[in-house]
Amino acid sequence: ASKRPCAARAFFGRRERAPAQRQGPGGMVAFASIVYAQVRYLCANLSKKNYKSIVAELHHLLALYGDDAAGFLLRTLLDEVEVPADAKAPREKDALKVQLFGAELARLLATGTHASFICATLEGSAAAAGGMTEEWVGRVCRLARLSLGQQLLVGVALAQLSTTAPKAEGVAFLRARVAELLACAERPLPIAEHEAHGLLAHA
């Protein structure tokens with residue numbers, strides 16, 4: 001069987017940063033729209049058979065186009081799945097997108113440098129879902145299967161938002177996770193060094 005051509009290469013051809021940088025603002029917006037369309041295309045065509053190759057192509061796009069593309073990927077994945085109201089498993093048709101969303105969110109949280117666009121992603125999706133609440137953030141974290149330490153980092157990021165209402169919900173979420181951590185009988189505490197550092201930096 002012949003190999004499927006790389007979707008990213010087929011869509012863009014030979015990519016370089018320079019042409020986008022030479023264009024005026026309108027051209028750069030148009031170019032960004034092409035990148036975003038490719039991210040949507042890859043997410044829409046995600047399947048068990050092509051999961052690894054699609055993820056590899058997405059990571060190639062993120063490496064080329066940076067934080068904006070990463071934020072758009074998170075928002076696309078979150079907007080296209082149903083966030084369950086309880087702890088039940090996601091819908092079968094959403095399973096792969098949920099898996100990718102959780103993996104990407106965890107990967108970005110581990111870098112410790114992407115809090116602003118993680119917040120923007122959550123704030124934007126929450127607005128579309130009726131507004132950010134502590135309960136909704138908890139549902140998203142359960143959906144992504146984030147550890148307690150990773151949830152603390154989400155709370156720290158949300159607690160630094162500039163908009164009053166979402167910030168208050170982020171603070172409430174963070175306080176609840178800190179209380180959960182303090183009540184945890186597990187030793188050592190289930191929190192990684194970089195997660196503890198992020199929490200202490202906010203204290």
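The predicted model holds 1 aromatic pair, where rings of Phe, Tyr and Trp (its six-membered ring) are taken to pair if their centres lie within 6.5 Å. Its members are Y36 and F72, with 4.2 Å centre to centre and 15° between the planes. The arrangement is classed as stacked, a term for planes under 30 degrees apart, with over 60 counting as edge-to-face and the rest as tilted. Distant parts of the chain are linked by this pair, since Y36 belongs to helix α3 (residues 25–44) and F72 to helix α4 (residues 51–79), 36 residues apart. Helices (H or I, at least four residues) and strands (E, at least two) are DSSP runs, numbered from the N terminus. Y36 is partly exposed at 24% relative accessibility, whereas F72 is buried at 16%; buried denotes under 20% relative accessible area, exposed over 50%, and partly exposed the range in between (1.4 Å probe, protein chains only).

Residues are numbered from 1 along each chain as its sequence is written. Because the model is predicted, local features need pLDDT of at least 70 and side-chain atom pairs count only at pLDDT 80 or more, while totals for chains, interfaces and linings use all residues, and side-chain values use heavy atoms, with hydrogens and water left out.

The largest nonpolar core has 47 residues. Such a core is a set of buried Ala, Val, Leu, Ile, Met, Phe, Trp, Tyr and Cys residues joined through side-chain atoms within 4.5 Å. The members that touch the most others are F101, L105, I118, L122, V137, V154 and L158. Two or more residues each come from α3, α4, α5 (95–111), α6 (115–128), α7 (134–144) and α8 (148–158), and α4 gives the most, with 14 residues. Apart from neighbours within four places in sequence, I118 is in contact (heavy atoms within 4.5 Å) with L74, L105, L108 and L109. A second, separate core of 6 residues includes L148, L152, L174 and L181.

Among the cysteines, C43 is buried at a relative accessible area of 1%, and C119 is buried at 4%. The number of disulfides, defined as pairs of cysteine sulfur atoms within 2.5 Å, is 0.

Across the whole structure, 7 salt bridges are found, each a side-chain nitrogen of Lys or Arg within 4 Å of a carboxyl oxygen of Asp or Glu. In helix α5, R107 and E104 are 3 residues apart and thus separated by about one helical turn; their closest N and O atoms are 2.7 Å apart. R107 is partly exposed at 35%, whereas E104 is buried at 3%. In helix α7, R139 and E135 are 4 residues apart, again about one helical turn, and meet in a salt bridge at 3.3 Å, N to O. Here R139 is buried at 16% and E135 is partly exposed at 43%. Salt bridges that share partners also join E82, R91 and D94 into one network.
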